[in-house]
Amino acid sequence: INNAIAAERIVLFSCGTVDAPSEGITLSIDLDKSSMEFGLPKYKITSISDDLITALSPSKDDGKNFKKTLTFHPSTGELTLVHYTKPEFIWILKCKSL
């Protein structure tokens, strides 16, 4: 997966929950625009290293939206989505390159 990200500027993955056979949720990483898409909204990439890509969707002031983060491990294909609500919602997925 690391090589796929290094070679391409836009990379697509199919993701599903770790403990179930579900798949088909698309993760898109666009290095040119420094963005990740996983459902709605777009997430802005805040850091990239060999082991980790982190992105943030900031909260809005209307109270209907809240801060969300995506953390992707290219070496393992693991994606963690966190909604900073009370209580926090944490979803761990496994992704495969498309």
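Which residues does Asp-30 touch, not counting residues up to four places away in sequence? Keep that question in mind while you load the model, which is a predicted one.

**Whole chain**

Start with the cartoon view. The protein has one helix and eight strands. Trace the chain along its sequence and the pattern reads α-β-β-β-β-β-β-β-β. The accessible surface comes to about 6,100 Å². Carbon and sulfur atoms account for 55% of that surface. Of the 98 residues in the protein, 36% are buried. Take contacts with a separation of 6 or more: 29% of them are between residues 24 or more positions apart.

**Stop 1: Asp-30**

Select Asp-30. This residue sits in strand β2, which covers residues 25-30. Its relative accessible area is 9%, under the 20% limit, so Asp-30 counts as buried. Now show its surroundings. Leaving out residues up to four places away in sequence, Asp-30 touches Arg-9, Ile-10, Ser-35 and Ile-45. That settles the opening question. Next, draw a C-alpha to C-alpha distance from Asp-30 to Leu-12. The two are 18 residues apart in sequence and 8.9 Å apart in space.

**Stop 2**

Ile-10 belongs to strand β1, residues 10-17. With 49% relative accessibility, Ile-10 is partly exposed. With Ile-10 they form a nonpolar patch on the surface. Together the three have about 310 Å² of accessible area.

**Stop 3: an aromatic pair**

How many aromatic pairs does a search of the whole structure find? The search finds two. For one of them, select Phe-13 and Phe-72 and show the rings. The ring centres are 4.9 Å apart and the planes meet at 50°, so this pair is tilted. The pair links distant parts of the chain, with Phe-13 in strand β1 and Phe-72 in strand β6, 59 residues apart. Hide the surface to see these rings clearly. Both Phe-13 and Phe-72 are buried.

**Stop 4: Ser-34**

Go to the loop between β2 and β3 (35-38), where you will find Ser-34. Check the backbone here. Ser-34 is not a glycine, yet its phi is positive, at about 50°. Is Ser-34 buried or partly exposed? Its relative accessible area is 28%, which makes Ser-34 partly exposed.

**Stop 5: Thr-76**

Jump to Thr-76, in the loop between β6 (68-73) and β7 (78-83). Thr-76 is partly exposed, with a relative accessible area of 41%. Thr-76 and Lys-96 are 20 residues apart in sequence, and their C-alpha atoms are 9.3 Å apart in space.

**Stop 6: Pro-87**

Finish in the loop between β7 and β8 (89-97), which holds Pro-87. Which kind of peptide bond joins Lys-86 and Pro-87? The bond is cis, with omega at about -5°.

Note on methods. Residues numbered from 1 in each chain as written. Predicted model: local features only at pLDDT ≥ 70, side-chain atom pairs only at ≥ 80, totals over all residues. Heavy atoms only, no water. Patch = residues over 30% accessible without salt bridge, like charges linked within 9 Å, V, L, I, M, F, W, Y side chains within 5 Å. Areas by Shrake-Rupley, 256 points an atom, 1.4 Å probe, with all protein chains shown as cover. Salt bridge = Lys/Arg side-chain N within 4 Å of Asp/Glu carboxyl O. Helix = DSSP H or I, 4+ residues; strand = E, 2+ residues; numbered from the N terminus. Buried < 20%, exposed > 50% of the residue type's maximum accessible area, 1.4 Å probe, protein only. Contact = heavy atoms within 4.5 Å. Phe/Tyr/Trp six-rings, centres within 6.5 Å; stacked < 30°, edge-to-face > 60°.
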